[in-house]
Amino acid sequence: MKRLFAILFAAAALTGCHEATPVYWENIEIDRQGNGLTAKLNYPFRFGGIDSTTTLINATIEERLKEGVMDEYGGLTLDSALNLLIESKGADTVLIRIPYELTSDGSVYRTNGVESVMIHKYSYTGGANGNAEHIYLNFDPATGRLLSDRELFTSLDELRRMVTDRFSEAVNEDYVLFDNLSIDSLPLPRQIGFDSIGVVAYYNLYEIAPRSSGAVEIHIPYDETDGMVKRDLTRIR
């Protein structure tokens with residue numbers, strides 16, 4: 001599958017005459033099994049546009065999918081990294097007995113000023129529990145560079161106030177934070193992105209609370225963030 005993508009990109013580069021082809025996104029899937037590992041990874045993949053920009057975006061997404069399980073295979077495609085993981089797992093007399101499970105799904109929300117990719121990722125490599133997390137990657141559509149929160153919002157303090165104001169509405173009264181935190185002292189979540197409703201703020205497991213409390217997703221409608229977002233959020237359909 002990856003060879004086909006490489007051929008398509010090369011053909012576009014040869015026939016494009018310096019003009020970028022239209023950008024579009026599709027979810028692709030990698031399905032691997034072997035040596036006790038099962039991987040079903042479904043994730044957004046960018047096509048078209050300026051080749052260097054699209055290549056950078058896709059490589060960044062795949063690097064984030066490898067984090068925590070395939071860190072030693074940095075620079076390789078996700079497909080190649082999975083093959084090496086299966087091979088190395090099979091060569092280890094202990095690891096080959098541990099069932100590995102890797103899954104993901106995701107979506108992308110496109111606007112003129114940012115392409116916001118959401119990935120839900122789950123990995124189990126032994127122990128009592130697997131690791132589930134949401135990842136938001138906000139790309140500059142022109143360069144493929146990841147945009148920081150400070151590049152996206154005029155005031156992180158105001159954004160944090162909005163998030164904490166909605167936190168109590170998003171959790172039940174039994175929700176337990178870590179001892180050193182209160183609702184008023186919550187930090188901004190590490191994962192912030194955009195969807196059709198508005199700004200999404202997502203606290204992953206263990207970020208602000210024990211696993212038993214669960215993850216927390218907070219939505220702030222666009223009409224309440226007017227003037228706070230620095231990028232053009234005109235949606236591309």
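This is a predicted model: local features need pLDDT of at least 70, side-chain atom pairs count only at pLDDT 80 or more; totals for chains, interfaces and linings use all residues.
Ala81 is buried, with a relative accessible area of 0%, and this residue sits in helix H3. Computed along the chain in residues, Ala81 and Asp226 stand 145 residues apart in sequence, while in space their C-alpha atoms are 42 Å apart.

Side chains of opposite charge can pair when their charged atoms come close. In this structure, 13 salt bridges are found. One of them joins Arg32 to Asp79, with 2.2 Å between the closest N and O atoms. Because Arg32 belongs to strand S1 (residues 21-34) and Asp79 to helix H3 (residues 78-90), this pair ties together parts of the chain that are 47 residues apart in sequence.

A second salt bridge is formed by the side chains of Glu115 and Arg46, where the N to O distance is 2.9 Å. Here too the pair links distant parts of the chain, since Glu115 lies in strand S4 (residues 115-124) and Arg46 in strand S2 (residues 37-49), 69 residues apart. Glu115 and Arg46 are both buried.

The side chains of Glu63 and Lys66 meet in a salt bridge, with 2.7 Å from N to O. Why are Glu63 and Lys66 separated by about one helical turn? The two residues are three residues apart in helix H2 (residues 51-66), and therefore about one helical turn lies between them. Glu63 is partly exposed, its relative accessible area being 30%, but Lys66 is buried, with a relative accessible area of 1%. Returning to the pair of Glu115 and Arg46, salt bridges with shared partners bring Arg46, Arg110 and Glu115 together in one network.

Helix H2 also holds Glu62, which counts as buried at 6% relative accessibility. What joins the side chains of Glu62 and Tyr43? Between these two side chains there is a polar contact of 2.6 Å.

When the whole structure is searched, one cavity of 30 Å³ or more is found, and the volume of the largest cavity is about 40 Å³. Which residues line the largest cavity? The lining is made up of Leu41, Leu65, Val69, Met70, Leu102, Lys121, Tyr122 and Ser123. Strand S4 supplies the largest share of this lining, with three residues. Sorted by class, the lining of the largest cavity has six nonpolar residues, one polar residue and one charged residue.

The aromatic rings complete the picture. A pair of aromatic rings is described by the distance of the centres and the angle of the planes. The count of aromatic pairs in the structure comes to five. Among them, the rings of Phe153 and Phe194 have centres 5.9 Å apart and planes at 25°, so this pair is stacked; planes under 30 degrees apart count as stacked. Phe153 lies in the loop between helix H4 (149-152) and helix H5 (156-170), and Phe194 lies in strand S6 (residues 191-194), so the pair ties together parts that are 41 residues apart in sequence. Phe153 counts as buried at 2% relative accessibility, and Phe194 is buried as well, with a relative accessible area of 2%.

Phe167 and Tyr175 form an aromatic pair of the edge-to-face kind, with 5.6 Å from centre to centre and 85° between the planes, and both of these residues are buried. Elsewhere, ring pairs link Tyr24, Phe45 and Phe47 into a cluster.

Technical notes:
Residues are numbered from 1 along each chain as its sequence is written. Side-chain values use heavy atoms; hydrogens and water are left out. A salt bridge is a side-chain nitrogen of Lys or Arg within 4 Å of a carboxyl oxygen of Asp or Glu. Helices (H or I, at least four residues) and strands (E, at least two) are DSSP runs, numbered from the N terminus. Buried means under 20% relative accessible area, exposed over 50%, partly exposed in between (1.4 Å probe, protein chains only). On a 1 Å grid over the protein atoms alone, a cavity is a set of points where a 1.4 Å probe fits but cannot get out, and a pocket is an open set with protein on both sides within 12 Å along at least five of seven lines; lining residues have an atom within 4 Å of a point. Grid points are joined across faces, edges and corners, and a volume is the space filled by probe spheres set on the points. Ala, Val, Leu, Ile, Met, Phe, Trp, Tyr, Cys and Pro count as nonpolar, Asp, Glu, Lys and Arg as charged, and the others, Gly among them, as polar. A polar contact is a pair of N or O atoms within 3.5 Å; within protein, one must be able to donate a hydrogen and the other to accept it, and residues adjacent in sequence count only if both atoms are side-chain atoms. Rings of Phe, Tyr and Trp (its six-membered ring) pair if their centres lie within 6.5 Å; planes under 30 degrees apart count as stacked, over 60 as edge-to-face and the rest as tilted.
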